[in-house]
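Take a slow walk through this structure.

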Amino acid sequence: MNVLQIARITFLEARWRKILWAVILLGLAFLLVFSTGFYFMWRDVTRSGLASAVSVLEPVNFFLLAGMYGIAFLGVALALLISVDTLAGEITSGTIQTLVTKPLRRWEVVAGKWLGLAVMLTAFIVLMCAALMGIIWIIGDYVPRNPVPAVLLIVLEGLIVLTLSILGGTRLGSLANGVVVFMLYGLAFIAGWIEQIGALLRNEAAINIGIVVSLLMPSEAMWRRAAYLLQPPAMSAFGMEATPFGASSAPSPLMVAYAAGYVAVMLLLAIRLFTTRDL
Amino acid sequence: MLIETARLRKEYGELVAVQDLDLSVTEGEVFGFLGPNGAGKTTTVKMLLGLVKPSGGLASVLGRPPGTPEAMRRIGFLPEHFRFPPWLTARDFLDMHARLYGMTAEARRERIPALLDRVGLGGRGRSKLGEYSKGMQQRVGLAQALLNRPALVFLDEPTSGLDPVGRYEVREIIRELRGEGVTVFLNSHYLSEVEVTCDRVAIVKGGRLMRVGTLAELTQGANEVEIEARGLDGETLAGLARWGEVTADAETPVGTRKVTLQMTGDDALPQIAAYVVGRGAQLYALTPQRPSLEELFMRVMAEERA
């Protein structure tokens, strides 16, 4: 009950601070730009009426993955921005003192804040992905395969960043926390590329670097599995999966289970650190 | 006892913030906790609220370990450095905190306007906290501390930033709370405020409890008496030595003599009066002078550590 109350307050706080409106308006702007670009691309590709299925599929797939990657990145940025100050800032300013001296337990504060932000983040990613795929369906009459698992993986990517940021906020200041989490995300991003290139070149060492970093920070691996699931089999058949946003090597389902466990463990660790610290 | 500590201690590395504190606060009293900056007052309050974990010793608040939800349900707290979400109105802010106490919608509708009236913000409940002055924010903080009709209220510098009228109003609220049987634990730098509102006072210095008791108890044993008389000769003055030490002696513009006698206790006042008159002097005034809390505080601060 207290967890839900804190989650509600966290959600309302985002509304009071006009974060929700900013996200909605800028999300709509993103979709407007995407739909306009996709419409003109689609019109050009299909103008002659003689284009082959593969020559149409390639740019559609590229646009789909680019758009989904954009949402995934915005999701990561949003996860970081809405959470980086939530514990760290309140501890620094002292506002947390009036919260934790209410009749609730400290773990409820952490869990409630995480839940409120997670709901907000999930709603953003799901709605944006649904809208983007809807635009592609309406204009291009194309529905990617595995849309639901792919969207859930993008949500999981955002939750990894969100949870790490809340964990960092229990001990670090807002700025240091933001820098650490974003740099970890950047590390995972570059390691993901190294792994992909390693997979193309069949280089074991490069693949292993990617896997090790994914264990440390599994965010990018979730995107790569989502991209792999979204790509049509025809693209792989024609060896066209290695777009800048695609995935030539997909992390296994075991890595997804690891990432889900990673979120749970990081959240428990955040609770532990917050519960045992002086405020 | 509403609050009880035994050898309560907090260390930050080599720094001892609170040193083996033994404290008892009884139900219904206004307890003043005094000390200079860095004396360990706020750390003590934080330990009693479960915000800071003690390095040693024991503490019990409302019969329970500090910070447990069962205890916190009956406790109100106004922190020293209370920061407010500036985007919230006072009503929204209080509503948010009232929900955390599990108050029903009906209870919130009744309690919040009443509290805003009580702290003098009746007409400003719908203004954003960012538009409030420091004093108004402090009042909202006080209202927040009283939302749950607490049995015990911790007020850490409640009049900080308030103008004289605001300070007077807060003192009145503290008096009202005492009238309602609420126990108040008051941290304050304003000694005069503590002097007029508190039933008992503790003075801490360097993390150690230096004195604790009622004002009368604390000032006992350090009495002065001022004697104003005409015709006090040297022999009479020398005779006063049997009751204490003459620490001041001056002629007044109206031809009388004012003598200050440092003594222990008030018991000898009638004898001194009889002695002065018996020596043929005209006694105009015999005024016992207790040290103010401020004087006592300064005296304690000047004491070397044992």
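**A sheet, a helix pair and an interface**

In this predicted model, chain B holds an open sheet of three strands, in the order β2-β1-β4, with antiparallel pairing. Find the strands at the edges. They are β2 (15-25) and β4 (56-61) of chain B. Each has a single partner strand, so one side of each is left without a neighbour in the sheet. What holds strands of a sheet together? Strands pair through backbone hydrogen bonds, and the pairing can be parallel or antiparallel.

How are neighbouring strands of this sheet turned against each other? On average the turn is 25 degrees, with direction ignored. Now look at one pair. Strand β1 (residues 3-12) of chain B is joined to β2(B) by seven bridges, and the two run antiparallel. Opposite E11(B) stands V16(B), in β2(B).

A helix packs on this sheet. It is α1 (residues 41-48) of chain B, and it touches β1, β2 and β4 of chain B. The direction of this helix makes about 60 degrees with that of β2(B).

Step back to chain B as a whole. Chain B is divided into domain 1 (3-215) and domain 2 (223-289). How far apart do the C-alpha centres of the two domains lie? They lie 45 Å apart.

Next, turn to chain A and a pair of helices. Two packed helices are described by the angle between their axes and by the distance between the axes. Here the helices are α7 (residues 147-169) and α8 (residues 174-201) of chain A. Their axes come within 9 Å and cross at roughly 145 degrees. The crossing of α7(A) and α8(A) is right-handed.

Which residues meet there? From α7(A) come V161(A), L164(A), S165(A), G168(A) and G169(A). From α8(A) come N177(A), V180(A), V181(A), L184(A) and Y185(A). The residues of this contact divide into six nonpolar, four polar and no charged.

Last, look at where the chains meet. In chain A, 17 residues are in contact with 20 residues of chain B. Which elements give two or more residues to the side of chain A that touches chain B? They are α1 (2-16) and α5 (95-100) of chain A. The largest share of that side, four residues, comes from α5(A). What kinds of residue make up this side of chain A? Six are nonpolar, seven are polar and four are charged.

Conventions. Residues numbered from 1 in each chain as written. Chains lettered and ligands numbered in written order. Predicted model: local features only at pLDDT ≥ 70, side-chain atom pairs only at ≥ 80, totals over all residues. Contact = placed C-beta atoms within 7 Å. Nonpolar A, V, L, I, M, F, W, Y, C, P; charged D, E, K, R; others polar. Domains from an automatic or database assignment. Axes fitted to C-alpha atoms, helices over the stretch in contact; angles between N-to-C directions. Left-handed = near helix turned anticlockwise from the far one by under 90°. Pairing = 2+ DSSP bridges.
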